[in-house]
Amino acid sequence: MSVEVASPADRPVARRSFGVNGGSERVRDATVVACTLTWVPLVLVLDRGAPLWFQRGLGLGTWLLLGWLLRRETPLVRAQVAVVIAFATAVEYTFSPLLGVYVYRLDNVPAFVPPGHGLVYLGALAIGRAPLVRAYRRALVAGTAALCGAYALWGVTLSPRLDVLGFIWFLCLLAFLRWGPSSTLYVGAFFVVTYLELFGTAVGTWRWSEMDPTGIIAIGNPPSGAAGGYGWFDLAAVLAAPALLHAVRRRHRDRQRTV
């Protein structure tokens with residue numbers, strides 16, 4: 001089995017195989033971005049002061065929206081989103097309830113967070129594969145590095161709360177922008193993740209601790225280079241999704257043979 005490691009943001013041919021013309025692709029990607037940037041903040045606002053049962057209802061709504069947006073994506077993209085959700089959920093339960101690196105309002109992992117990670121990844125992917133973004137890739141990559149760099153530098157110099165973790169993640173983002181499988185996806189991730197981190201901490205959905213569990217690394221609220229952490233999610237997705245897709249297809253073929 002050959003493993004494809006290129007991100008879908010760099011593989012426009014895979015989208016055309018479904019017979020979707022350029023105009024429909026642009027509408028689809030614009031819909032994904034619009035839904036991500038409006039639905040997630042709306043959920044965060046509605047969650048303020050809400051009981052647990054209402055929070056679970058918001059989670060159900062987020063799953064339904066994600067499923068609706070994925071219906072026109074390729075199997076590879078669906079597999080990548082599934083990997084990101086699994087990976088991000090493991091990170092959430094490890095770093096929030098277990099280690100307390102950040103805490104949510106009800107000291108849990110809200111039901112809307114796992115599918116929310118899927119939306120964020122899909123939104124970053126949609127931005128990254130947009131023709132306009134790809135046409136100005138070099139300028140946008142340089143601009144993203146400069147903007148995130150300025151934010152990270154502020155976090156370790158002028159910010160009232162020292163943010164070493166944000167600077168470390170900024171270095172990760174630089175590495176992904178330079179050597180990652182899809183530089184434009186990381187441009188999209190910086191925009192979406194930074195926007196939602198600032199929004200989520202502002203409305204009090206989650207709060208970052210001042211220090212990591214070792215007491216060595218200072219953390220901003222939110223960390224400035226949080227998008228650099230999403231690069232690891234994408235790396236896991238592009239590496240594991242082809243194997244996952246292959247396993248699902250093989251199981252389906254085995255079932256057909258059995259029938």
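Reader: Where is proline 222 found in the chain?

Author: This is a predicted model, in which local features need pLDDT of at least 70 and side-chain atom pairs count only at pLDDT 80 or more, while totals for chains, interfaces and linings use all residues. Residues are numbered from 1 along each chain as its sequence is written, and side-chain values use heavy atoms, with hydrogens and water left out. Helices (H or I, at least four residues) and strands (E, at least two) are DSSP runs, numbered from the N terminus. In these terms, proline 222 is found in the loop between S2 and helix H10 (226–258).

Reader: What is the omega of the peptide bond that joins asparagine 221 and proline 222?

Author: As a background point, most peptide bonds are trans. The bond that joins asparagine 221 and proline 222 is, however, a cis peptide bond, and its omega is about 5°.

Reader: Which residues does arginine 207 touch, not counting residues up to four places away in sequence?

Author: Arginine 207 is found in strand S2 (residues 206–208), and at 47% relative accessibility it counts as partly exposed, where buried means under 20% relative accessible area, exposed over 50% and partly exposed in between, with a 1.4 Å probe and protein chains only. Its C-alpha atom is separated by 26 Å from that of leucine 185, 22 residues apart along the chain. With contact taken as heavy atoms within 4.5 Å, arginine 207 touches Tyr102, Val103 and Asn221.

Reader: With which residues is leucine 198 in contact, leaving aside its neighbours within four places in sequence?

Author: Leucine 198 has its place in helix H9 and is partly exposed, with a relative accessible area of 42%. The C-alpha atoms of leucine 198 and glycine 128, which are 70 residues apart along the chain, are separated by 21 Å. Once the sequence neighbours within four places are left aside, leucine 198 is in contact with Tyr151 and Pro222.

Reader: Is threonine 194 buried or exposed?

Author: Threonine 194 also has its place in helix H9, and it is in contact with Tyr151 and Ala189 when its neighbours within four places in sequence are left aside. Its relative accessibility is 12%, and threonine 194 therefore counts as buried.

Reader: How many of the residues of H9 are buried?

Author: Helix H9 (residues 183–203) reaches 30 Å from its first C-alpha to its last, close to the 30 Å expected at 1.5 Å a residue, the expected span being 1.5 Å times one less than the number of residues. H9 is followed by glycine 204, whose phi is positive, near 85°. The helix is largely enclosed by the rest of the structure, because its buried residues number 16 of the 21.

Reader: At what angle do the axes of helix H8 and H9 cross?

Author: Two packed helices are described by the angle between their axes and the distance between the axes. Axes are lines fitted to C-alpha atoms, for helices over the stretch in contact, and angles run from 0 to 180 degrees between N-to-C directions. The axes of helix H8 (residues 164–179) and H9 come within 7 Å and cross at roughly 150°.

Reader: Which residues of H9 make the contact with H8?

Author: On the side of H8, the contact is made by Leu173, Phe176 and Leu177. Serine 183, which lies in helix H9, counts as buried at 10% relative accessibility and touches Arg137, Val141 and Leu177, not counting residues up to four places away in sequence. The residues of H9 that make the contact are Ser183, Tyr186, Val187 and Phe190.

Reader: Which residues are exposed on the other side of H3?

Author: Helix H3 (residues 52–70) has 19 residues and reaches 27 Å from its first C-alpha to its last. In H3, Gln55, Leu58, Gly59, Thr62, Leu65, Leu66, Leu69 and Leu70 are buried; seen down the axis, they fall within an arc of 130° and so line one face of the helix, the arc being that of the directions from the helix axis to the C-beta atoms. On the other side of H3, the exposed residues are Trp53, Arg56, Leu60 and Leu64.

Reader: How far apart are the axes of H3 and helix H5?

Author: All of H5 is inside, with 16 of the 16 residues buried, so it is largely enclosed by the rest of the structure. Among the residues that meet are Gly59 and Leu66 in H3 and Gly116 and Leu119 in H5. H3 and helix H5 (residues 113–128) pack at an angle of about 35°, and the distance between their axes is 8 Å.
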